[in-house]
Amino acid sequence: MSTSTSLSSVKWTEAVTVVEQSRDGVTPTAATKLNSSTVKEKQSNSTDVSEGNKGMNEEEEQDREDPKTKDEKAELDCPPIGLESLGVDDSQIRASSHQRTGLGPHRGRLNIQSGIEDGDQYDGAWCAEFKDQHQWLEVDAIHLTLFTGVILQGRNSIWSWHWVETYKVQLSNDSVDWQTCMNGTEEAIFKGNQNPETPVLGLLPVPTAARFIRINPQTWYSNGTICLRAEVLGCRVHDPTDLYFNQHERGSMDNLDFRHHDYKEMRKLMKSVTEECPDITRVYTIGKSYTGLKLYVMEISDNPGKHELGEPEFRYVAGMHGNEALGRELVLNLMQYLCKEYKKGTQRVVRLVTETRIHLLPSMNPDGYEVAYEKGSELAGWAEGRYSFEGIDLNHNFPDLNNIMWDDQESAADGTKVSNHYIPIPEYYTQEDAMVAPETRAIISWMQDIPFVLSANLHGGELVVTYPFDCTRDWAPQEDTPTADDAFFRWLATVYASTHLVLANPDRRICHYEDFQMHNNIINGGAWHTVPGSMNDFSYLHTNCFEVTVELSCDKFPHASELPVEWENNKESLLVYMEQVHRGIKGVIRDKITKQGIANAVIKVEDHDHDIRSANDGDYWRLLNPGEYKVVVWAEGYFPSMRRCHVGMEPHPTICDFTLTKTPIQRLKEIRAKGEKIPKDLQLRLRALRMRKLRASTKAINRRRESQQLQMRRARSS
């Protein structure tokens with residue numbers, strides 16, 4: 001083979017300059033500065049590695065004593081080149097043949113999902129047209145790359161099973177002359193899959209530098225055909241002849257801890273943030289997972305630990321599905337970023353911290369995350385770690401208040417009299433034998449304790465922002481099911497989607513099989529697929545809090561090397577979404593005489609069939625789009641009060657305070673309870689009230705008598 005097409009085979013102990021970012025975000029100058037004895041031993045023996053503050057101080061010693069270090073987990077020394085994350089363009093993938101367009105080479109990406117129906121344009125794998133050993137899937141890395149391994153899956157389908165059981169790997173610099181990877185003196189045979197979904201890692205016996213790589217299936221499932229999804233591991237090799245070598249490198253200028261954090265590392269990071277910014281941070285726990293891992297929350301505020309009158313409460317929740325790890329890392333990045341920028345005096349961040357009480361929950365399902373983390377970012381598959389330890393999908397585990405409200409509206413003579421907010425939790429849900437995860441109970445208690453105004457639930461595996469209702473009426477699998485605040489929810493979803501660097505890109509590729517760009521990258525949850533018992537719907541119907549779901553990335557568990565880019569993709573969206581908590585109207589509802597705040601007062605906006613209630617101190621926040629609104633406030637024992645409130649385009653709320661006057665009956669009750677003398681003005685008002693009631697009852701009695709007499713006359717005349 002000529003010099004121009006020869007491949008560079010290197011051992012792990014040789015110094016080859018590459019651009020690499022390992023799982024923990026370290027960027028070495030040599031691809032070989034690893035635990036070479038362990039890796040080399042694995043590779044020489046086999047080409048297959050299958051399946052492969054509060055409460056924090058007392059656990060610190062356990063972290064120090066744990067002999068297991070993160071280095072022992074780092075098996076994937078070179079990162080994925082980007083088949084799953086879409087870093088590799090469709091034009092870079094070729095195949096020897098394919099059955100049809102929907103099973104073309106562009107569908108051969110790790111963890112890609114198919115539609116419900118087989119046979120459309122979006123099936124779940126590349127499938128060769130012929131069943132022989134001359135079929136291949138080829139990837140062009142564009143640049144010289146040190147290839148170290150391949151990860152394989154079978155076809156994603158609910159109707160059929162197909163996977164590759166063994167394969168060869170071929171490498172080339174020009175896509176014309178190919179060399180097969182060797183295991184000693186023989187061609188290396190890599191073990192593939194035994195089922196469609198479990199990813200299997202095959203490490204090259206000798207990491208080799210090349211531009212092109214081919215996966216060449218040798219055997220496959222006996223009742224199926226050649227179908228696969230793949231990811232390729234490789235490190236960019238420095239090429240002095242490549243004038244554009246650094247042009248394509250993307251990252252972040254922010255000095256943040258860009259790596260995946262298991263439970264103990266997450267705790268250490270949160271503790272380090274509180275130590276760096278003790279005046280604006282506080283860590284607290286809201287409960288424990290099934291296995292006893294604490295659900296830690298970072299509070300960021302200029303007065304941490306206290307609800308300040310008129311200051312709205314905001315929350316981000318991540319990790320509801322444990323394997324959707326990007327949200328967890330973004331929340332950890334966000335708390336670091338807010339701390340550092342506040343210390344720098346960045347006006348935008350200072351304003352957020354001083355005017356908002358921010359709560360960040362990075363891991364709602366820590367048990368599930370630990371399962372996915374043990375597998376690794378590329379080997380966890382699509383569902384490993386998704387559920388809680390008990391096998392519960394936490395996003396279906398909240399009380400279904402939607403159907404309670406809808407059933408009451410249908411059965412009521414006057415549907416407007418049915419409660420449209422603060423719907424109580426049904427009795428069956430509170431029983432001891434109810435299948436309610438401890439994580440869900442902790443979140444519900446948290447929601448009830450703090451008067452949250454706005455929230456977002458961070459997920460992964462798609463690129464779209466969804467808004468309530470998530471549950472459809474009459475159990476329809478898909479149906480647009482808007483709330484009374486549909487216009488504002490659409491605004492919230494658009495705010496995040498339009499500032500997300502990938503979502504806002506009109507030329508981006510769809511993740512799996514649904515094109516959300518036709519909906520401007522936002523969609524009503526029920527219109528996507530029905531989710532009874534979702535956290536978003538519960539938050540809206542049981543509390544004052546508006547919440548959307550953000551699907552952050554096609555890749556649920558991106559490699560650590562991709563975290564800086566993902567942070568940049570989401571940073572502006574995370575900040576601007578938090579700022580929306582200051583839209584609409586806010587104020588304090590007070591007693592006219594005592595000037596004390598009135599808790600649990602109902603705030604009703606005309607033409608919005610969803611009310612909210614005031615917090616314990618009497619303050620309230622009603623999210624609204626710009627416009628003129630008639631607002632009525634009432635509380636038990638008080639006369640209602642009405643105001644017209646104007647919401648402008650400015651990114652700050654309109655102040656609409658209310659003063660309520662107690663009814664005479666309520667004042668009388670309170671005076672009698674204290675054993676005090678009834679004032680003359682109250683005596684006169686009570687007397688006038690009794691006279692009005694007497695006149696009204698007399699009129700009613702007279703009308704009833706006249707009606708009865710009229711009926712008697714008609715009966716006699718007939």
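Biologist: What should I know before I start?

Modeller: The model is predicted, so local features need pLDDT of at least 70 and side-chain atom pairs count only at pLDDT 80 or more, while totals for chains, interfaces and linings use all residues. Residues are numbered from 1 along each chain as its sequence is written, and side-chain values use heavy atoms, with hydrogens and water left out.

Biologist: Which order do the four strands of the open sheet have?

Modeller: Strands of a sheet pair through backbone hydrogen bonds, either parallel or antiparallel. Here the order is 24-23-26-27, with antiparallel pairing; strands are DSSP runs (E, at least two residues) numbered from the N terminus, and a pair needs at least two bridges. Strand 24 (612-613) and strand 27 (641-647) are the edges, each pairing on one side only.

Biologist: How many bridges join strand 23 to strand 26?

Modeller: Four, between residues 602-605 and residues 627-634. Ile-603, for one, has Val-633 as its bridge partner.

Biologist: How do helix 10 and helix 13 cross?

Modeller: Two packed helices are described by the angle between their axes and the distance between the axes. For helix 10 (residues 486-499) and helix 13 (residues 563-579), the axes come within 8 Å and cross at roughly 155°. That makes the two helices roughly antiparallel (over 145 degrees).

Biologist: Which residues of helix 10 meet helix 13?

Modeller: Leu-492, Val-495, Tyr-496 and Thr-499 do, with heavy atoms within 4.5 Å.

Notes: The expected span of a helix is 1.5 Å times one less than its number of residues. Axes are lines fitted to C-alpha atoms, for helices over the stretch in contact, and angles run from 0 to 180 degrees between N-to-C directions. Angles under 35 degrees count as roughly parallel, over 145 as roughly antiparallel, 65 to 115 as roughly perpendicular and the rest as oblique.
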